[in-house]
Protein chains: 2
Amino acid sequence: MRKSGRSEEEVLRELEEMWNSRIPYERVFSSMCTKPHPIAVKAFLLFIESNLGDFGIFPSVKELEDKVVSISAELLGIKKFCGYMTSGGTEANIQALRALRNVKRGKNFIAPKSRHFSIDKASDILGVEMKIAPLNEEYQVDVSALEEMIDENTFGIVALAGSTELGQIDPLEEISKMASECDIPVHVDAAFGAFVIPFIDELDVNFSLPSISSISGDPHKMGMSVIPSGILLFSEEKYMDAIKVRTPYLTTKHQYSLPGTRPGASAAATYAVFEHLGKEGYRKIVERCMRNTKLIIELMEELGFEPVIEPKMNIVTFEMEDIDRIREELKKRRWLVSKSLNPLGMRLVIMPHVEEENLKLFVEDLKRII
Amino acid sequence: MRKSGRSEEEVLRELEEMWNSRIPYERVFSSMCTKPHPIAVKAFLLFIESNLGDFGIFPSVKELEDKVVSISAELLGIKKFCGYMTSGGTEANIQALRALRNVKRGKNFIAPKSRHFSIDKASDILGVEMKIAPLNEEYQVDVSALEEMIDENTFGIVALAGSTELGQIDPLEEISKMASECDIPVHVDAAFGAFVIPFIDELDVNFSLPSISSISGDPHKMGMSVIPSGILLFSEEKYMDAIKVRTPYLTTKHQYSLPGTRPGASAAATYAVFEHLGKEGYRKIVERCMRNTKLIIELMEELGFEPVIEPKMNIVTFEMEDIDRIREELKKRRWLVSKSLNPLGMRLVIMPHVEEENLKLFVEDLKRII
């Protein structure tokens, strides 16, 4: 650390230069995050001092967290719930599996091959075995195969509502029915899907199913809130109790979250954007993303590429053998796309920052590269 | 979620009212967090869009994280290190113990009775046993007792540099020597102490000891950065490797952190305040906190209270049988203090937001209550 500090102007000038070295979001099709809504930023700033882990000092942030949780539950059609705001989908996955493990005192859980890598992270952290269930031709989990993998030490099943690589949705009704018969709780990873699915009528996903113990969702993805903002819902108090710890020196009695100190500003930011956009606002945004998704599919079809699945949401993947080379070449031209592994190809996430014009420019560059 | 959104003005007005319901920090002696430095807030705002978990889009945030880590290491006198920015001390404790568990494939670790509750959280999450070592009369860990608790499944020891209840520092040289002989790595929880100890010359703590595998520190405590900002240092790459996960769809190859998506803004904010204050700036702040700590001790001695230990840093605890009643009464008068359990009493954290005038007013109110 330097002995004498540098002036504010100097430090901020350095940071401005560094900030300008980024690839602007307009050229980014690889990210599930986007620019936070301006009202989320304003609300975050107002509450930036607050610690949600010590809300005796800031009682309003607890109230805001509770509102965010209940608004999310209502949005997903869930009537009976408890929950809290997480730092994001990874914490939610870890905490949900931790709750399930603790309640059942189990040793393994089953996740589909299409799971997010945070599920693998959770299995290492929690010291439990992850069994991987195969997928069907639509890249959904194969429910019969999944059922056969259940043993006496299985404490939970992970299902996806918006898979990372394809935005695919697992057959939740079928999984729930099977899980109820086998008495195994199901955690639904809806990190991406929670704030998209309710606004696409054709999807008609029922989240309020027996055996669903928990659902995760990330307002800092399609919810357009500030990073870090996530939510985790549980169907029963016993799951929250299983991850509770007493907090003697704080102004609270106990806490559920993974971090201790955590930003109250995230609760304010998320509440602000929920209230300001409302269902109509989110619907408009999602509809625009879906129009752009249809557009990119048309443009890619002209180049001879078909999407791996008919997109359920604003994620689309095209099979591509030499994705590594193509991705490199695109990066040189300042376009960022993702690599999909299963199947091997190029994944595009069509977020609110994606413009029609840029999609056309992108495809022109892609044409030159191929 | 409401169908139609509410106007920005309306939402922000509601939030302003909620924000005004807080107890202002000036009256808070219970918190290890404080108002973030204005430059940290400005820097955070500039980078608020950025995701440190996907820094291919924002390469500068990775650079900022690396600078924060190396500045912290240099501040603590550590030459050989690797590390990253965490969401705070809890993540750091979980990740450090996870790394140690994974490297040794161990089943238990030993922590002092004075440990923070996040250590208990870690032991549940990681599915390992926590053995609790007794303290000596100075409320430091009893090193001989600790040594006797080591068995063949022990993978680590936790030592404190700034205990939660007293701000006590464990005898690191003695612990390190013993740990080297027993070949057990030591994780130092310096969540509070990392950004205080280097600025109090009399303390002269050596963090660069053999057997110290990891050290945590929270810039969002005395570092005056924005929540969430933490750092975790490891002495060797093998520990980082033990908590690594591959990240196929992101612009990165792998990640070490507990969350996936995480705020690049925290790296910018922390770098900004480090650079703007420098050692001189932090020293001035710490010195003022220590003067206020001495002042409150004088004032409390006039009421007949002695500190449990001679404070090592700006945390002071006074034994008090009826702390529960006193705390309630103080809260009615809008003063927030903490309850200490071991020993039973009142803990005060004398942060930069604490003013001399308020300490005097506080003691006057306390006098009336007793």
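Glu364(B) is partly exposed, with 41% relative accessible area, where buried denotes under 20%, exposed over 50% and partly exposed the range in between (1.4 Å probe, protein chains only). Arg368(B), at 55%, is exposed. The two side chains form a salt bridge with the closest N and O atoms 4.0 Å apart, a salt bridge being a side-chain nitrogen of Lys or Arg within 4 Å of a carboxyl oxygen of Asp or Glu. Both residues belong to helix 11 (residues 356-369) of chain B and are four residues apart, about one turn of the helix; helices (H or I, at least four residues) and strands (E, at least two) are DSSP runs numbered from the N terminus.

The model is predicted, with local features requiring pLDDT of at least 70 and side-chain atom pairs counted only at pLDDT 80 or more, whereas totals for chains, interfaces and linings use all residues. Residues are numbered from 1 along each chain as its sequence is written, chains are lettered from A and ligands numbered from 1 in the order in which they are written, and side-chain values use heavy atoms, without hydrogens and water.

Over all chains, the structure holds 57 salt bridges. One of them pairs Asp183(B) with Lys104(B), at 3.7 Å between the closest N and O atoms. This pair links distant parts of the chain, 79 residues apart: Asp183(B) is in the loop between helix 7 (172-182) and strand 5 (186-189) of chain B, and Lys104(B) is in helix 4 (residues 89-104) of chain B. Asp183(B) is exposed at 55% relative accessibility, while Lys104(B) is partly exposed at 35%. In another salt bridge, Lys131(B) and Asp151(B) have their closest N and O atoms 2.8 Å apart. Here Lys131(B) comes from strand 3 (residues 129-133) of chain B, and Asp151(B) from the loop between helix 6 (143-149) and strand 4 (154-160) of chain B, 20 residues apart. Lys131(B) counts as buried at 16% relative accessibility, and Asp151(B) as partly exposed at 27%.

In chain A, Phe155(A) lies in strand 4 and is buried, with a relative accessible area of 0%. Beyond its neighbours within four places in sequence, Phe155(A) is in contact (heavy atoms within 4.5 Å) with residues including Leu97(A), Leu100(A), Phe109(A), Val128(A) and Ile184(A). The C-alpha atoms of Phe155(A) and Ile184(A) are separated by 6.3 Å, although the residues are 29 apart along the chain. Helix 7 (residues 172-182) of chain A has Leu172(A), Ile175(A), Ser176(A), Met178(A) and Ala179(A) as its buried residues. These pack against helix 6 (143-149), strand 4 (154-160) and strand 5 (186-189) of chain A. Asp183(A), which follows helix 7 of chain A, has a positive phi, near 60°.

Between the chains, 103 residues of chain A are in contact with 104 residues of chain B. The area buried between them, defined as the accessible area (1.4 Å probe) that two parts lose on being put together, summed over both, is about 8,900 Å², of which carbon and sulfur atoms give 64%. Met1(A), Trp19(A) and Tyr249(A) lose the most area in chain A to chain B, together 12% of what that side buries. The interface has 12 salt bridges, among them that of Asp124(A) and Arg101(B) (3.9 Å, N to O).
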